[in-house]
Amino acid sequence: MEQSKGKKRKRRGHGLTRRAFLKGIGVGGGALGAGLLAAEAPRREGAAAGAPGTLGPGPVQVNLKINGQPRSLRIEPRVTLLDALRDRLDLTGAKKICDRGECGGCAVLLDGKPVYACMLLAVDARGRSITTIEGIAPKGDLHPLQEAFVARDALQCGFCTPGFVVASKALLDETPQPSLDQVRQALCGHICRCGTYPRIFEAVLAAAGRPVKAGRTT
Amino acid sequence: MAETRKVRIGYGARLEEVEVQVPDGEPAIWDAATRLDVVGTAVPRLDGPAKVTGRAKYTYDVTLPGMLFGKILRSPHPHARIVTIDTSKAARLAGVKAVITFETPEFFAAVESEDSGRPVDEAAKAEPPAGKRRVLFAGEEVAAVAATTQEIAEDALHLIEVKYEPLPHVVDLDEGRKPGAPRVFPQHDNTLKAEVREQGDVEAGFKQADQVVEGTYRTPVALHNALEPHGAVARWEGKTLTVWASTQGVFGFRDDLAKFFKIPPADVRVITEYLGGGFGAKFGAGVVGATAALLARRAQAPVKLMLDRHEENLATGNRPSSVQWIKVGAKRDGTLTAIHLKSYGSGGIAGGAGVSGPIWMTYACPNLRSEEQDVLLNTGFAMPFRAPGFPQGSFALESALDELADRLGLDPLDLRRKNYIERPAKPLMEQYALAAKAIGWERRQAPPAQGAARASGKPLRGLGMGTAVWPVYGGPPTEATVKIHTDGAVECICGTQDIGTGTRTAMAIVTAEVLGLKPEQVRVTLGDTGTGMYSPASGGSVTLNSILPAVRAAAEGARQKYLKSVAPALGAKPEDLDLHGGRVVAKDGGKSLAFAQGASRLKTAVIAAQASRAENYKDRAAELVGAQFAEVEVDPETGRVRVLKVTAAHECGRVINRLAAESQVNGGVIMGLSYALLERRVIDSPTGNVLNANLEDYKVAGTLEMPEIVPILVEVYDPANSIGVKGLGEPPVVPTAAAIANAVSNALGVRMTELPLTPDRILAALAGTKEA
């Protein structure tokens, strides 16, 4: 069901709402796209108003599996996964920056693949395994990738950082020894306004055990 | 009240001793002769772990019990009179707890402060009350709601019925200058009086010149787009107000709210523990801060009001556009004889569009004249944007100088060196040499003859450069406190905010240096007016040079108290003891104690020293300089520019944290690259609406645009304070666009005169046609 990395990105069907509109993130984005497409299936099935199985518009019970824990919440079906995480579960590591799939600040892993949480309804994440930045490393600990981000100063204001860490984690899970170009491609759906990209490249390559020239980015 | 001290100033091997007048009580000045253990090393940020794990709580992440969500309704019209506003349906919607309308211009006047951008609209205030309020740009605030969820707040906005009477508008810079153009303010023309500044006699200067170049350069309106939007979480408890705010100036934000609600500043507490960028757009409480607090008061519940990305791009500030006509004259050997600049530009309904800073500060030239005009338009207002005016001015000046060099057959770098302004401890010549070497400047060739580049069809390479200059600001008042607890815990407290530059870590570094500890042993509190430790807003490259001298003075005070308490235990006098390597040691090499052990002998539970920052020392550290070189490759088929490499030599006085300083240089270069190649706000003239108010269509540089960047820091000793730190935020963004544009012009053999350097413009330049 999941589309593997590197394959041609699937194009969207039409007639979808803005919420469902999908932005890929380069090579890694293929996986992102596939994750979202799969997640949408139940909604399309019950798309006709009042059809059996239609959710809402009032609040509904939604059970999610987040960072290995079952979480239950009552929300309107229109609530995005990002707003559910941030406003209802106080998991505020994923950031709301553009709210339309342009910046990557809200990236989470859905069954191990990076997705933009602002582009996915929470109800469509039912039955999937969601990993947020808070779940990347055990509580109180740092993942080697996070250690590399800190050591290499791959963050300034830090607002984009959770998204970059999540996407980098997904990259290294699939491609443990990426080239610089693969790192650029995997992170091209993310924006850092402070301009920390060179150090992010260094951190990801360092975490992958690849040689990095300090101060040099190519 | 002052004493004279000798300090060693300069850089590298170029050192000299000078006398400085310093205020009484200053600690030993850290000059070129001082060796430090922690300051200047590469220290990973103390808040790094919190940021990489998502634990860091920004304003946007604050949640309070019973908190409501605020939303602002904005005008879709660029200029209109509000005839009626009916909020009754919105107010009846289940979950809506407060609705306010901004029916009077006085609201905006009341939230205005000197630094929050929006104009104090005297003209609008003077309008008769019966005239109803005018909205002056698409995106201006009309009403606001607070509701139990974000979704309900959005629904409520749709239920507010506003009847507008559209008025004629103008959003285009050149249209706005025409006689008969719709006026933004009825009382006066859109084009304001020119600011004229002159030195020498430019006409005489041009007569002395052997070569004169002139050209007109254009730059777009750019948008800050800090990733955390503007916003605040406001909570009232009785008559006191606590606000978590996304601001680069907690004290300014506090004072604005105190003024707005007519309460003492002490009754307002503003907290910014983590800040998702600002770049100049987040000074003052502004409408957002005042609205959050007003909604909270009306609803009698805490309110979170964060703008969305669309709003960020409409109504939170911009870097004004510019049209610059510049004329430069020089002798055959490159000696400048005159520079004349005439410019106009618009930040919208308010905000200075001046760009002349670089011509007045960068190069030696006896005859200078600048004439600058602001043009008012029906668009969102300007806010300072990282080195306000300088990236624009630098683009025109450096482009003209490159053209001059080409005409004179001189190396562009030699032309800059020829017109160097000599100052003590100025490292620019060194920076030119280092950055030129790192890029391989000797490979630069004269630009191809017109038409030749296009004919070849091959990728075109070019090299270009520019000089950075920025005045050193910063100074008192700033206060800090350092505390030592009996368990050895050390705290450093200052109200200042960390905009993302590493202020928190820098405070720990200086405290650790004075107390002989490691930075991670210092607990830093910042971003809180409740500390009472005043500091200025973070803008203009002032944060570290304002706060660190106060931090050091406080740490020195705590050190003295600590040594006095511990001395008896070591059988020594306080002045014979030193703090080093986490221990208190006798200078004669005798006894020593671990720092915490020593602290356990304190007679009080805590010792605290509060200190204020002294005045700057006279005649030291007037400016920051830097040099950047860029290499580009242009595809003549597609018009695409790829920046291959940028070398950026900068200074910040004494380096505090090498890692953070280099990151800041990288960041400036990247922001400058983005401005050079991608960024521009696009407004539709007929509707007056911003067409690219998002991060998809308003392009900012991403991973694929990254060149190799080589940050080079030249440490300079020229102390105007006890630490010798000068600042770093602005200079790295100043010359990047100019250096890239010069590299592109060098590659094409055609002078590029308009930013951004988009493929259509490159192709038009290669084809020798006028741009569309």
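# Helix packing, questions and answers

Q: Which are the buried residues of helix 5 (residues 150–159) of chain B?
A: This is a predicted model, in which local features need pLDDT of at least 70 and side-chain atom pairs pLDDT 80 or more, while totals for chains, interfaces and linings use all residues. Residues are numbered from 1 along each chain as its sequence is written, and chains are lettered from A and ligands numbered from 1 in the order written. A residue is buried if 20 or more other C-beta atoms (placed from the backbone) lie within 10 Å of its own, exposed if 12 or fewer, and partly exposed in between. With helices (H or I, at least four residues) and strands (E, at least two) taken as DSSP runs numbered from the N terminus, the buried residues of helix 5 of chain B are Gln150(B), Ile152(B), Ala153(B) and Ala156(B).

Q: What arc puts the buried residues on the same side of helix 5 of chain B?
A: Gln150(B), Ile152(B), Ala153(B) and Ala156(B) are the residues in question. The directions from the helix axis to their C-beta atoms define the arc. They share a side of helix 5 of chain B because that arc is only 160°.

Q: Which element of chain A is included in what covers the buried residues of helix 5 of chain B?
A: Chain B itself contributes strand 3 (68–74), helix 2 (88–92), strand 5 (96–101) and strand 7 (141–147) to the cover. From chain A comes helix 2.

Q: Which helix of chain A gives the most to the side that touches chain B?
A: The contact takes 50 residues from chain A and 49 from chain B, counting two residues as in contact if their backbone-placed C-beta atoms lie within 7 Å. On the chain A side, helix 2 (81–88), helix 3 (144–151), helix 4 (161–174) and helix 6 (197–207) each supply at least two residues. With four residues, the top contributor is helix 3 of chain A.

Q: How many residues on the side of chain A that touches chain B are nonpolar?
A: Ala, Val, Leu, Ile, Met, Phe, Trp, Tyr, Cys and Pro count as nonpolar, Asp, Glu, Lys and Arg as charged, and the others, Gly among them, as polar. That side has 15 charged and 13 polar residues, and its nonpolar residues number 22.

Q: What pattern does chain A follow along the sequence?
A: Chain A has six helices and five strands, and buried residues make up 58% of its 218 residues. Read along the sequence, the pattern is α-β-β-α-β-β-β-α-α-α-α.

Q: At what angle do helix 12 (residues 390–408) and helix 20 (residues 736–748) of chain B pack?
A: Their axes are 8 Å apart. Pro391(B), Ser394(B), Phe395(B), Glu398(B), Ser399(B) and Asp402(B) of helix 12 meet Ala737(B), Ala738(B), Ala741(B), Asn742(B) and Ser745(B) of helix 20. By class, this contact has five nonpolar, four polar and two charged residues. With axes fitted to C-alpha atoms over the stretch in contact, and angles running from 0 to 180 degrees between N-to-C directions, the packing angle is about 35°.

Q: Is Glu398(B) buried or exposed?
A: Glu398(B) lies in helix 12 of chain B. Leaving aside neighbours within four places in sequence, Glu398(B) is in contact with Gly466(B), Pro735(B), Ala738(B) and Asn742(B). Because 28 other C-beta atoms lie within 10 Å, Glu398(B) is buried.

Q: What distance separates the C-alpha atoms of Glu398(B) and Leu695(B)?
A: Along the chain, Glu398(B) and Leu695(B) are 297 residues apart.
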